[in-house]
Structure formats: C-alpha cells, structure tokens
Protein chains: 2
Amino acid sequence: MPAPPTFLSWVDASTDAFISRLSHAVAIPSISGDPAFRPRVQEMSDWLNAELKKVGVETKQVDLGTHVMDGQTLPLPNAILGKIGSDTNKKTVLIYGHFDVQPASLSDGWDSEPFVLTTLKDGRLVGRGSSDDKGPVLGWLAVLQWHHETQTPLPVNLRFCFEGMEENGSEGLDELVERERDGWFKGVDCMCISDNYWLNTRTPALTYGLRGLVYFKINVSGPGRDLHSGVFGRTVHEPMTDLISLMSRLVDAQGNILVPGVDDMVGVADVEEREIYEKLDYSIADVEGAAGGKIALSEDKTTVLMGRMRLPSLSLHGIEGAFAGPGAKTVIPAKVGGKFSIRLVPPQTPDAVEPLVKSYLESEFAKLGSKNKMDVELLHSGKPWVADWKHWNYTAAIKATELIYKQTPDLTREGGSIPVTLTFAEQLGVNVLLLPMGRGDDGAHSTNEKLDTSNFIEGTKLLGTYLYEIGDVKETGK
Amino acid sequence: MPAPPTFLSWVDASTDAFISRLSHAVAIPSISGDPAFRPRVQEMSDWLNAELKKVGVETKQVDLGTHVMDGQTLPLPNAILGKIGSDTNKKTVLIYGHFDVQPASLSDGWDSEPFVLTTLKDGRLVGRGSSDDKGPVLGWLAVLQWHHETQTPLPVNLRFCFEGMEENGSEGLDELVERERDGWFKGVDCMCISDNYWLNTRTPALTYGLRGLVYFKINVSGPGRDLHSGVFGRTVHEPMTDLISLMSRLVDAQGNILVPGVDDMVGVADVEEREIYEKLDYSIADVEGAAGGKIALSEDKTTVLMGRMRLPSLSLHGIEGAFAGPGAKTVIPAKVGGKFSIRLVPPQTPDAVEPLVKSYLESEFAKLGSKNKMDVELLHSGKPWVADWKHWNYTAAIKATELIYKQTPDLTREGGSIPVTLTFAEQLGVNVLLLPMGRGDDGAHSTNEKLDTSNFIEGTKLLGTYLYEIGDVKETGK
C-alpha cells in the first residue's frame, strides 16, 4: 500500500507550521564543537525529546558521560532513543539523526543571523542546521505527527537514535550502539539516515558510500609566552615558521596528498568503475555553482566526481593560537595548533593512516633543525563505508523517490563523513540507507547554510512514503 | 646643575600615586589595531590631554582625519601637541610618546585581566601598555607635575608630541610633523623618545638605531563562501592550501629570509663591527630567559645580537579568515589573509623591499597552477634608522644614567620599529635619542606585559635628570 494521499496533502497544508517548528530548532545554537555552547546542545536534546513524546514516541534520554576537550572535562549531551511499535509482522526500521550543529557567526560572512531562520523569496530557509541536520529530523517528526493525530498505524515498527555530538566525532555513540545492540536496537531489520545531500540541485539521490575522516592538530611551541617580533625576530626559532612549513608539506595545490603511502592505498578506477561516475547527472558547472567560484580541480566531470567520492582528500582548516583578528599585530605566537583533516575511502582506515601522518610529520619536523617542540594530536576519526545498493532497503527508497519526485535517484557515494553509519552497519549487521533531504548547494558547515522549502516538504513526504514501501517489502531477513 | 634632590625624593615618595595613575591609563583599552576599540583610543587622548593641562602644559589636540581599515573608514584618534617655555637661553627638547596599545585578551593566555593593572609581590606592574608606552608617558607627566607643583622652572624648553596610532603604522603623524616643522616644532634642538627597552634586565641602555618594518597581508580567495571539506575536498582549489604554501616560502626555520634579494641588501659585519656587539652585556641565557624557552637560533651571543640589531627578520603572525577557534571544524575557508612582516635595517627601505616581496609571491603563486585569486597588500611600513651616538644629546643621557643607576648604559640598536623616529629625524633635522624605561623582559606586544616598579620610579628620575643634563650642555647647534 502506498502512502495515504491524505498524508501527502496534510504535509503540503502544514508548510507554515513546519517552518515555524524549524525556526524554533534553529534558534537553539547547539554547537557541539565549542565548549561554551555545550549547555545549548543539551537544551536541544531536551526540546527534541519533548517533541517526540508529543507525537507518541516512547523515548529514553541517555547520559553518555563526559569527555575532555581543549583541556576541559565536559558533559556529553544526552542522546535520545525512541521506539514505536513491536508488531512481529512488520519490518523494524532504525532512524538516525543529529541535533547538534557546526559553529557559525555573522562575522564568518553570513548575510543574516545564523541562528535566526530566515525565509527568502525563492523559498530558501537560511540558518545554521536548517539542512544539517535539523530539517531532516523534523521531517521524521512530521511523519510521526500525522500518524499520531490521525490515529493511523505506521506501516513499520520504528526505532530512533538521535545524538548531539555528530559534528564533533560522535563521542560516546559507539559505546551506546554496542550497549543497545541487543537491547533497544534488538530486532532492527534495516536503517535509514537522512543527513546528506543530493549531488546537484535537481536530481534526488540515494547514497551508498561515505568517506571516513581523520582530524589532526599539529602543536608547535617554544617561547614561554607570545613575543614581540621586533625584539625577538631572528633571535629565536618561531613556532609559526615551523608549523607553516609542516602544513605546506601535507597537500599540493592540485589536491594530491603528500603524506607518503596515503594516496597509494587507493587503486585506480577501471573502465567499469569510471562508468558509474560518468552516468551521474553532474557537470563542472554544478560543482563550480555550488562552490561559488570557477575553481574546479579539473575540467573533466568524472575526474572531479572521483576526487570527491572514491579518493581521499586533505584540507587545511586553520591555526589555533596565531593572530586571527583584523589589523596588523606584530606578534610571534608562543604556541600554535595547525588543524587539518583527511577524508578516507576504502580500504583506508584511521588506524592505517594515523601512523603514516604522525611519522611523516615527525621526520619532516626533524629536518627543520628547530629547537621548538612539536606533537601531532588526532582529534577524532571515522572509518569510510560502502553499502550494498541492491538490497531491498534501497529498492524501497528508489520506488518512494520515483513516486514523490517522478525521477530515478542518482546512486552516489558521498565525500562527507557520518562515522556512526559504519558503527550501526557493523554493530547491528543491517543494511544502511542514506536518504538525503537537501540539495548539493545547501552549504552545510558553511556560511548561509539553507534548506529549500520544496526539499523540506517533498522530502518529508519522501520519508513517509519510504516507510510505506518498506512495509510492502516481501523479502525477509536483513 | 644636576636634578634637585627634592625632586628625586618626591618621586620615591609618590610611588603609590604614580601606580594608581598608571592603573587608570591601563584601564582604557586604547587598541589602535582593532576598529571596535577606536573610540577608546580617542578616550585615552582626551584623558592624557586633561592630565597634561593639569601640570601646566599648553596643549592642542589635533584632528588627523580618517583612514580606511578592513574596509571601514575610521576616524583617527587626536594627536596631542604640548608646549612649555620659550626661553631662548635654554635648549628646546621635543618629547614623543604614544598612548595606544596592542590588542590583548585573557584568552591569549594572560594570567590576569590585561586591562586591569596588577601589582605583583616582586614589584612587577602587569597590564597591557604598562611598559609600551603608558609607563614612560606617565614618567614625563610626573617630571612636569613636580616642577608645576613646586613652581620650579624647567632647565629646558619642552615640546610634546603624543599619538594614538603608533601600534598601527602611526597613520597621519608624518603629515602632522611636516605641517608643524616650522610651527609647533620650530626651534627644537634635540629629541627624546622613551618607547623601548633595555637589552637585558640589569643594565640601562641608550638606543641609537631601530629596524624598519614592512607588514604584508597575502589574500587568497576562490569559493563564493566557506565550503564543507567532505563535499568539496579534492574537487576545488582550496585557498588555505595555496596560502600555506606561499607563507612557507618566505622564511626558513633558521630565520633566513627566502625572498630573493632581501638578506643580500645587508653587508656582512667586519671585525670592528662585531666588537660593538661582543661588548654588550648580554648572554644566550638573557634571550632565552626573556623568551621563556631554550630556542635561541644560535649558541653564539654575538650572532644572536646581530640577528636582532643589524639583520632583517621575517615573522609569520597568523591567518585572518581561517578556522582559529577551539575544537574541530571541517571547513574549507573561502577567503584567507596571511599576515607577515619584515623588520628592515639600513640600507633597506620599504620602497626597495616591497616590490621584491610582491613579485616573488606572484611568481611563486603562478607556479602553483591554482585557479584561486591572490594579491599582496602592504598594511604599513617604516624605514630603519641609525643616529650619531657621539652627539651631546647622548652625552647628557649617558651622564644622567650614570647619576641615577651608577652604571654606564649599553649603547644598543633595537630590533623593533618606531617609524616616527625617522620622520622626526628627517623632518626636523635634529638628533634623536631613545631613552628606555623598561627592561628586556617586559613583554611588550605579548601576554603579561609588565613594567617593574623600580624601572618606573628610577626611570622617572632618569627622565628628569636627563633634562637637567641637557640644561648644562654648552654646545650650541643641533
């Protein structure tokens, strides 16, 4: 049985209510990567927990303990487990989402206050977390709301896992999944995560692969405090000089990773594999449009797609402890931390890459002949993941997409990381589907992050319809 | 006639009053390099102007107009001109100081609030501007206060020039000096600036040379906005990758400047010149003690001293627009500005060095084959300066130092820059003396900047005594 037409028309009719609920969620700056905002992440957990209860979900807020960040011991925000239905004649679907967000401030270059959801004429809903990942989470909430208010039984049993540390390494979640494998998650048949994006701005997509991540900080220190460059320039070894030199040895201007052995782990694509990427609805104009500049690494669409989906990438994010403000400050910073991360693809793993990075940086630092101190910190990591896209879980999602969007979805691998995807796949041994709500130009982690109203609305219908298609699946087993 | 003993004993007796006046001055965060604090710099100008009037100085606050900084047009803080005496039988001494300060915040690693003067048990007065340059300016104020309150005529005529943009390129001052050369500054015989430091922590110094400065910002941009490194990693040219690569090509870990032609402008020291540095009361332990780490570029004292006094230096200060906060943010910054400066020595000039830096960076950027945009901005600059230390102005200061400290001062060249020194020397054609109040470990521009109470008090006596020694000078002419 397909999704009830009354559900679909109700979603259309509820647009304003959904936007106002999203505004409320965006207004809570649940930034997990900044210690100062940790209480707001917990506030977001409490808010979402209350919303889930209103629509009939049995929930449990789980204390994940504490972790140490920037030298401080901080409480982890409560994760939320949810449950509806235990009908053994129905499939049980596990839904994952996260309610924390990336840092954001007007000074980063936003056109409007990042934590005030702003609706633009063209339908864009601009705000931090609108697309990553509060919009999709509220999409699920809407599906549950209709079934609750209309007393309509769901076509499947549902289990939920929502966390507040996804943007900061999903601290504590691995342990939770392991603990609940035979508890809260017992009997789960498949899983759906809506936390990524279409490849472009026009074609819905299903995603069956993700890159992993290793995020490093290179610490260089020497002076007891910041120094005046006039008084100390050319008398002492300057930490910034050493750090910049090390960071310059990690990646070249064409995106090639210079850490020996890292690029080599990944084989070259054969003709058959290239075809997968050639088929995708994508162009250089798409990537440059989304990036907002004519800066693609290649003029060949397939090369660019493979760089994003089947190759590792190394990005230099910034430096902690150096002068970052406006104006001209003639300081020699005493202690600087250079931040960079590498996106990983199979067969790469954090365990295999970490020692390569550390030993390379240590040997390069030794070459400098500096008297400063250097160490490399792994801030967090996650393995890459690839799923079987011929599984019934994907078949249901393809059918649901065709029903709602009248288009066959692109089957993609994504460049981003959702480390828990792999945790769930490995711990529960079930097929995991990534079902994106937003478009390729939503700008997650960026300034002016947005979710298009049409994606919010049609995406909500898609999530509901997907559940009905799962309900029709005849195959048994995971 | 030497300085009156009653003046010297009054200074000792006024210690608490002087510290409380310094506390008031430090409490005004007159940061000239941060647009947000510009009104506080003007507030400092108004406060100092009122203090000068109280001690009988005829003053004039001069509107220096506006300037553009970080894209904003900002009013420049009023400079203060002051005048006491026009006795043609006395020498006329021009005093310069500045009332603006470097940026500072607790988060930089200060042990106490930077804008609250904190007196430590060992007599250190900790606070931003305590030593650079509010302490010395208040030292002059104290000398004037005693003569005013005791109705004692000064041994010389005085002219004053205090500015509020010294830490940000002394914007507007060159024009002021040129305008007032035959006006307010007419008849000046010599000049004294107290805005630098002893070479060590035990020997008073006179300074006859300063390094110049060229401060650059390398701007690299490409994307229309910040990007997600998962979605865009290895698909686009990343501005940070280009910037870090360029910054790494400027200086090596041993302090050698890699911009072709810059180091070559300065000749090698012959035996006679080396002797000047070998004579100075200085050790590797001094530089490492002041730096707070065993990070000297050489074990040879003379090499380190020449690196600071007679060689150019290049320091990398930081990056504007990159991720600088705590935690882990997986961002590809859209627009980044790398900041670095070169300290110059004769015969180097900003005009000679700027084109070398720009053309080198442009050619290195071209080698990267990046589609990003790059440009190099000169934020500010100042020529280097060397004075005749056999002039009567120096003879008087040496005698005054011997009277107060019972020590012969080190004759030094300083690594820092006070661009206006050269402006005054060139415009007025007079001998300029740098008469430091603070010690080599005061930490100007750094965290926990301090001035020792003994330097504040003895230094105040020294400034007064110096005026009396000038009063005794028989030589005529500048």
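**View 1. An open antiparallel sheet in chain A.** Four strands, ordered β13-β15-β11-β16 in chain A, form an open sheet with antiparallel pairing. Strands are DSSP runs of E, at least two residues long, and helices are runs of H or I of at least four, numbered from the N terminus. Two strands pair if DSSP finds at least two bridges between them. β13 (313-320) and β16 (373-382) of chain A are the edge strands; each has a single partner, so one side of each lacks a neighbour in the sheet. From one strand to the next, the twist averages 20 degrees. Axes here are lines fitted to C-alpha atoms, for helices over the stretch in contact, and angles between N-to-C directions run from 0 to 180 degrees.

This is a predicted model: local features need pLDDT of at least 70, side-chain atom pairs count only at pLDDT 80 or more, and totals for chains, interfaces and linings use all residues. Residues are numbered from 1 along each chain as its sequence is written, chains are lettered from A and ligands numbered from 1 in the order in which they are written, and side-chain values use heavy atoms, leaving out hydrogens and water.

**View 2. Strands β11 and β15 of chain A, with a helix on the sheet.** Strand β11 (residues 212-221) and strand β15 (residues 335-344) of chain A run antiparallel, joined by 10 bridges. Tyr215(A) faces Ser341(A) of β15(A). Helix α11 (residues 350-368) of chain A packs on the sheet and touches β11, β15 and β16 of chain A. Its direction makes about 165 degrees with that of β16(A). Contact means heavy atoms within 4.5 Å.

**View 3. The interface of chain B and chain A.** Here 96 residues of chain B contact 96 residues of chain A. The two chains bury about 7,900 Å² between them, 54% of it on carbon and sulfur atoms. Buried area is the accessible area (1.4 Å probe) lost on putting two parts together, summed over both. In chain B, Arg225(B), Arg234(B) and Ile295(B) lose the most area to chain A.

**View 4. A salt bridge between the chains.** Asp263(B) forms a salt bridge with Arg234(A); their closest N and O atoms are 2.8 Å apart. Strand β13 (residues 313-320) of chain B gives the largest share of the chain B side touching chain A, 8 residues.

Technical notes
A salt bridge is a side-chain nitrogen of Lys or Arg within 4 Å of a carboxyl oxygen of Asp or Glu.
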